[in-house]
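Thanks for coming. I will take the ligand site and then the metal site.

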Amino acid sequence: MPSSKGYGTANAQSPLAPISFTRREPGPTEILIEILYTGVCHSDLHMARNEWGQSIYPLVPGHEILGRVAAAGSKVTKFKVGDIAAVGVIVDSCRKCAPCNHGEEHFCKEGATLTYAAKDRVDGSITMGGYSNNYVVDERFAHTVPSNLDPAGVAPLLCAGITTYSPLRHWKVGPGMKVGIVGLGGLGHMALKFAHSFGAHAVQITTSLRKKEDALRLGADEVILSTDEAQMKAHADSFDFILDAVSAPHALEPYLALLKQDATMTLVGLPEKPPSVDVFSLISKRVSIAGSMIGGMIETQEMLDYCGKHNITADVEVIPIQKVNEAFERMLKQDVKYRFVIDMSTLA
Ligand code: NAP
Ligand code: ZN
Ligand code: ZN
């Protein structure tokens, strides 16, 4: 059995610390990946601290995984030893329900298997994530990576990338649309890059005045400081679509006020506490609040290929794994530019 080491936590209160465990042998359609880089998603922090009440310990976070194939089962066709492979938020599903058959495994009727803190469908063990040196996964849930892209900048595409690409595609964001992105963090900066790349008029809405220059560089046509009432008022009733990628509890009404009649605000951020909403802010313009979760395997590969073609990667700060707790704290202070990525060679 492949032996693994990484960083994990035994409970919601403790910082991440070194941990050792084993993974199962790769089966005929599975690959063993030696991890090179793993992105630090805010969901990792929510999960490590059990903020959604669904964590299982010991917990090794990490679902933005990029690595090199170290072994491949006899029936693997997509990869050979030495190839680069990438893994995101889900690593298995029932593979027979309608969503699974349509490549929407994230909506699996039986529940997809998450990359960490979930019951493995093969051997019943609890999945351990990518803050570690290796991973075993079926090739169906691993992706090929365009060779022109910087590997460290690719890792965050596996969650932050697909989670923003998918709703922007679903709500047909493109030329002629004014699109708002709320929150300039890991997800937000990818949403901004995609909205700009899809040809929309992209507007970054932020609480951090200091991020204005970065937002413009990342593709924003305009930047709104959400704490400035006059700026918010000037943009009232003008947006065709808004994507909310905020990690902390916040009022939705100020953003709903920005929507045109019949427009949609889609939530991808998952604060610890569910939001409430003043229904008057919906009925007065017949606007919608929607939600979106990562993306399926087909769309994730499509997103990676799109990024290869358009040379899109995340803006990353590469850190040694020993600094992961510090990275969590900086994430809470909105001090990320714009995704921490762990260089897994520092685990040695
Ligand atoms: P992140 O890098 O920490 O960015 C979050 C951003 O939210 C911050 O940079 C900040 O942007 C903004 N923010 C923080 N506190 C705020 C507040 N009180 N009011 C308004 N804005 C605030 O986090 P992330 O990794 O992008 O993740 C964002 C959220 O998406 C998390 O809750 C995560 O769990 C969730 N998520 C969901 C999915 C899904 O499938 N739906 C997938 C991945 C992650 P400014 O400084 O610009 O204001
Ligand atoms: Zn994530
Ligand atoms: Zn299914």
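**Ligand 1 and the zinc site**

Around ligand 1 there are 30 residues, and Thr 206, Thr 207, Ser 208, Lys 211 and Arg 339 come nearest; a residue is near if one of its heavy atoms lies within 4 Å of the molecule. Before going on: this is a predicted model, where local features need pLDDT of at least 70 and side-chain atom pairs count only at pLDDT 80 or more, while totals for chains, interfaces and linings use all residues. Residues are numbered from 1 along each chain as its sequence is written, chains are lettered from A and ligands numbered from 1 in the order in which they are written, and side-chain values use heavy atoms, with hydrogens and water left out.

Now the polar contacts, meaning pairs of N or O atoms within 3.5 Å. An oxygen atom of ligand 1 sits 2.6 Å from a side-chain N or O atom of Thr 207. A backbone N or O atom of Leu 184 is 2.7 Å from an oxygen atom of the ligand. For Val 268, a polar backbone atom is 3.0 Å from a nitrogen atom of ligand 1.

As to composition, the shell around ligand 1 has 14 nonpolar, 14 polar and two charged residues. Nonpolar here is Ala, Val, Leu, Ile, Met, Phe, Trp, Tyr, Cys and Pro; charged is Asp, Glu, Lys and Arg; the others, Gly among them, are polar.

Next, the metal. Cys 94, Cys 97, Cys 100 and Cys 108 coordinate the zinc ion (ligand 3) through SG at 2.3 Å, donors being N, O and S atoms within 2.8 Å of the metal (3.2 Å for Na, K and Ca). Their spacing in sequence is C-x2-C-x2-C-x7-C.

Methods
A polar contact is a pair of N or O atoms within 3.5 Å; within protein, one must be able to donate a hydrogen and the other to accept it, and residues adjacent in sequence count only if both atoms are side-chain atoms.
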